[in-house]
Amino acid sequence: MKSLASFLCLSLGGVCLTLALAATALAAGDEWKPVDPAELALKAPVVERDADAEAIFWEVRIDDGAVGELIFTHYLRVKVFTERGRESQSKIDIPFGKIFGSNIKIKDIAARTIKPDGTIVELKKEDVFERDVIKVSGVKVKAKSFAMPSVEAGSIIEYRWREVRVNQSANYVRLQFQRDIPVQAVKYYIKPYPFPGMSMRAQVFHGEMPPIMKEKNGFYSATMTNMRAYHVEPHMPPEDAVRAWMLIYYTTDEKIVPEKFWKDYGRSVYEDNKARMKVTDEVRQAATAAVGDASTPEEKLERLFNFVRAKIKNVTDDAAGLSAEERAKLKENKSPADTLKRGVGSGADIDLLFAALAIAAGFDARLALVSDRSDIFFDPSFASRYFITSYDIAVKVGDQWRFYDPGMMYLPFGMLRWQEEGQDALLTDPKEPIWVKTPVSAPDKSAIKRTAKLSLSDDGTLEGDVRVEYTGHFGIERKEENDEESQAQREQRLLSEIKAQMSTAELSEIRIENVTDPAKPFVYAYHVRVPGYAQRTGKRLFLRPAFFEYGIGPLFPTSERKNIIYFHYPWTENDTVEIRLPAGFALDNADAPGAIGAGALSKYVPKVFVTQDGRALIYKRDFTFGRQEVVLFPASTYPALKEYFDLMNKADAHTITLKQGAATAAAAASPSN
């Protein structure tokens, strides 16, 4: 994500939430609260009848730390009711690192277990360690982890920690009110700073506004009770688009009219960045040279796009390999001419140079402000710049606005990050800023193309060469995952992914191509050997031709669904697998699974056939899902969606039988249409 703060001068700079340290050690979370005997004797949950564990309370005090720091002191007490609750609550992960623009540090972890007989077992400090955690969304985060000691059904566990947020803008603070288990009471303590003419405001999302109560020492509190559990499910919206939370922020206005607010904001951002898009003689000359003999608007814009990518070193991307010290020494580019002259710039510099070149070439180009739908689904009716966290360049072609972002190193021409596609974008203007919806890339723009040329042995071992190409959003994600890693780390990542599907797989001759190339597909190429891939029973081998889907379970394993179903973007998959059959074996059953369709939304077409000599099996699989729109489905459609993907998963698991000593099958099996 690109932060507007990196290049926008904002009128509210310097406004922050100032918080004071608590007056007592208990308020700061340095002591345990007494355990009520009624809590220890509690036999059943209060909030959700079938809960295996329930938090009795979750208290958070927000304090001011050093300059640019906020400290959240958490204290959580949980009652465990069942064996499942013991299993789920015994292992604790507290995320840290770079999360949503803040560098989060975790300090002063303390934990203890109160057993049903009242015995207390403390967590030892040396039992806290760090590990990588993969969230359901696929995001990898680091976490401080520990196992609660001596937990059993009927126990109470409690733990506390300090969460230090470095570089957190204290002007906007999110307060979460839901966890993965129900909570009887969630309470936040907040101390506002009395800025002249400004007042602290609170906005609740996905819940009712709690009363704000005055506490001691200038603090105020907000409490929500009987909070139901937040359930994580596959392919669901971002957390803050679903669970209950509160935004604390400051404003000078008592009543804000959204339409007026956004027009004023769009004008002010335009004025703040006008110099950064200024067309000079140097810019005009560069635009003319870059456009060359291009005749159509699309050709001209693509040449300008490629020009800024090739001529300006992008210093904000990880692949630049610059240290913090080297970045600190870089001079600020104050105009597109500066960026051209120095040949070095941030992603923002590159985007704004592209805009200036487009203007010089005769186009109407604007700075477009957009939200990030990996964080929240933006609604312009909430008049705050807080959710407009990203930016792109809008260029008018005919009567349509096209969107570009050459400052994002791996984005193909004509695409935006998936997080910014299908979003309301505010086009800045000195007079009349307007809202325009950004387009969503077509399914064929984000494709996985997989090919395998393999040989099957009579003991069921499958061996051969594989090549996988990722384009569009798939390619961007793979490049971002790999561009900071060593070759050994990249190979280990691939090996772990393959072994998660096929535990016996052995990889060699690994090549990983185009990791930092902005234009070419990201590629994995390797030699693979999989003992026991086909199952041998007597004179028969049972073979799954869908090699790339082997070991992948149902996309939606549960029968019920609570949340909206959300896919990040439309996509396409194309597989071609050739398997040479073992000597002495021939096809005994070579039928193909049937095609499946869902109108214009999706198509799944598998085909199975044999070569003319009958010695090789060819399997093809073409799958497309989604249209040029945000791929979002209400929970009510879950049964039909699950049925569709279950049918596809069953087809992917289709098995073909080979028989030893059978006559060679020379005729092709009938492919699906």
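I began with the aromatic residues: F556, F567, W571, Y604, F623, F625, F633, Y638, Y644 and F645 form one aromatic cluster. Rings of Phe, Tyr and Trp (its six-membered ring) pair if their centres lie within 6.5 Å; planes under 30 degrees apart count as stacked, over 60 as edge-to-face and the rest as tilted.

I noted the ground rules next. This is a predicted model, where local features need pLDDT of at least 70 and side-chain atom pairs count only at pLDDT 80 or more, while totals for chains, interfaces and linings use all residues. Residues are numbered from 1 along each chain as its sequence is written, and side-chain values use heavy atoms, with hydrogens and water left out.

**Entry: overall counts**

I looked up the secondary structure. The protein chain has eleven helices and 35 strands. Both are DSSP runs numbered from the N terminus: helices are H or I with at least four residues, strands are E with at least two. Of the 673 residues, 50% count as buried. Buried means under 20% relative accessible area, exposed over 50%, partly exposed in between (1.4 Å probe, protein chains only). I also checked contacts, meaning heavy atoms within 4.5 Å. Among contacts with a separation of 6 or more, 75% come from residues 24 or more positions apart.

Two strands pair if DSSP finds at least two bridges between them. Strand 31 pairs with strand 32 (residues 602-610) in the antiparallel sense over two bridges. There, G597 has K603 as its bridge partner in strand 32.

**Entry: strand 35**

I looked for the partners of strand 35 (residues 656-660). Strand 27 (residues 540-543) pairs with strand 35 in the antiparallel sense over four bridges. Strand 30 (residues 585-589) also pairs with strand 35 in the antiparallel sense over four bridges.

**Entry: ring pairs and charges**

I counted 48 aromatic pairs in the structure. One of them is Y470 with Y524, edge-to-face, at 6.1 Å centre to centre and 90° between the planes. This pair links distant parts of the chain: Y470 is in strand 23, Y524 in strand 25, 54 residues apart. Y470 is buried at 7% relative accessibility. Y524 is buried at 1%.

I then took Y533 and F547. Their ring centres are 5.8 Å apart and their planes are at 45°, so the pair is tilted. Y533 lies in the loop between strand 25 and strand 26 (535-537), F547 in the loop between strand 27 and strand 28 (565-567), 14 residues apart. Both Y533 and F547 are buried.

I checked charges over rings (NZ of Lys or CZ of Arg within 6 Å of the ring centre and within 35 degrees of the ring normal). The charged end of R165 sits over the ring of F72, 3.9 Å from its centre. R243 lies over the face of Y230, at 5.5 Å from the ring centre.

**Entry: single residues**

I found M246 in strand 14 (residues 245-251). M246 is buried at 0% relative accessibility. Beyond its neighbours within four places in sequence, M246 contacts residues including V173, F177, M209 and A222. M246 and A222 are 24 residues apart in sequence and 9.5 Å apart in space, C-alpha to C-alpha.

Is D372 buried or exposed? D372 is buried, at 3% relative accessible area. D372 lies in the loop between strand 17 (364-370) and strand 18 (390-397). Its side chain makes a polar contact with the side chain of S374 (2.5 Å). A polar contact is a pair of N or O atoms within 3.5 Å; within protein, one must be able to donate a hydrogen and the other to accept it, and residues adjacent in sequence count only if both atoms are side-chain atoms.
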